[in-house]
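Student: I'd like to learn how to read salt bridges and nonpolar cores in a model. Can you walk me through them?

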Amino acid sequence: MKHDVQDTSAHPLPLAGQAPPQMLRCSSGFVPRNESIHRAYNLILGLILLALTLQFFVVIGLALLLTQGPRIFYAGERLGRGRKPFNIYKFRTLDTAKAARLTRDRVLRADDNIETPLGKYLRASRLDELPQIFNIIKGDMNVIGPRPTRPALAALQEAENPHYDVRFAVRPGLIGHTQAYMCHGSAKRLRSKLNYMLCRSHVSYAAELGIVARVGYEVLAKSARLILWRVFPALERRHNAALAQDWALEIVADAGRRHDVVSFDGDRLQLAQGYVNGPATLLIKTRSGGVRRAQVTLTGTEGKAHTLSPANDVARHYITRYLLGDPVVPPRPARRRAASEQDASLHVPFGVRRSAE
């Protein structure tokens, strides 16, 4: 079978100001045409969001009080517009001392395991971000903008990317495009290139409201889905078992030999026949009919599950975005769209797997 393959290894990452490969084309930037109107819009929208989410504050607050004591909220220093420092608010989901040490110059990895009892759920569902509505009302943040960054991490990124500081020309946001459409583990340079474009583009309020509605729906759906998977583990197993077929996964090994992938689960996959050891290419068929090409390393034996490791940042981005569904707004495979059109009642909602930031 012939594929329309795009070899990402042949196309280096673009310079700042250009869209990364296959990056979402966004219809709204971060730059307001009128500062006063933009501030009023964010204040009103922030108050509306607070009214709509009060019940979540009560339920989550009580749950955290019962499981981890009175320290319900976390406040951490971030840089805002003009590099002005402010404290960002979140529900506390981590062992604060360990998190401060581990995340000084990087994002938290999934295997750090320093979450509080409810931490993994709140982080995976993104409900831990809700208290930032108060940052919006205070004027520290906007509803949509580049995600706020820690001073130490900003200094490291600026050393690698001379255009990184363009993000400080606008207020950071509760919802960022890189947060909504990219992955926790996506390379910082991929995120910074998208933010660079948006920080130089004007706001579209209609597009912003559409993004807010879509993200709100996805967060609620994911929150419910994670609870269902915890109560009914068979639903998560069914979802994982369908990934290889949904995305028409194939492995291309030495000499162009192709292997169909019959199952995929995070860092393991099963081939229909044969085995592969060493460098290979994972082909992921997208909803539009194109193919994403991820360079990976496989270790396996005949008839056994293969362990899989991404070979570079682009491969890691493709795997977490398409297969693990890590973004807030995950892409949908073509097969699931067709299934939902045939019989929506048989469709298992596509989920976002747990991940740490």
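**Salt bridges and cores**

Tutor: Let's start with a network: salt bridges link Lys90, Glu129 and Arg147. A salt bridge here is a side-chain nitrogen of Lys or Arg within 4 Å of a carboxyl oxygen of Asp or Glu. Keep in mind that this is a predicted model, where local features need pLDDT of at least 70 and side-chain atom pairs count only at pLDDT 80 or more, while totals for chains, interfaces and linings use all residues. Residues are numbered from 1 along each chain as its sequence is written, and side-chain values use heavy atoms, with hydrogens and water left out.

Student: How many salt bridges does the structure hold?

Tutor: Ten. One of them joins the side chains of Glu129 and Arg147, at 3.0 Å from N to O. Glu129 sits in the loop between α3 (119-125) and α4, and Arg147 in the loop between β4 and α5 (151-160), so the pair ties together parts 18 residues apart in sequence. Helices (H or I, at least four residues) and strands (E, at least two) are DSSP runs, numbered from the N terminus.

Student: Is Glu129 buried or exposed?

Tutor: Buried means under 20% relative accessible area, exposed means over 50%, and partly exposed is in between (1.4 Å probe, protein chains only). Glu129 is buried, at 6%, and Arg147 is buried too, at 13%.

Student: Which residue forms a salt bridge with Glu218?

Tutor: Arg214, with the closest N and O atoms 3.0 Å apart. Glu218 is buried, with a relative accessible area of 1%, whereas Arg214 is partly exposed at 36%.

Student: Now the core. Which residues have the most contacts inside the largest one?

Tutor: A nonpolar core is a set of buried Ala, Val, Leu, Ile, Met, Phe, Trp, Tyr and Cys residues joined through side-chain atoms within 4.5 Å. The largest has 39 residues, and Phe91 and Val215 have the most contacts inside it. Elements that each supply at least two of its residues include α1 (35-68), β3 (85-91) and α8 (205-231). The largest share, seven residues, comes from α1.

Student: What does Phe91 touch?

Tutor: Leaving out residues up to four places away in sequence, its contacts (heavy atoms within 4.5 Å) include Phe57, Ile60, Leu64 and Leu122. Apart from this core lies another, of 25 residues, among them Trp247 and Leu324.
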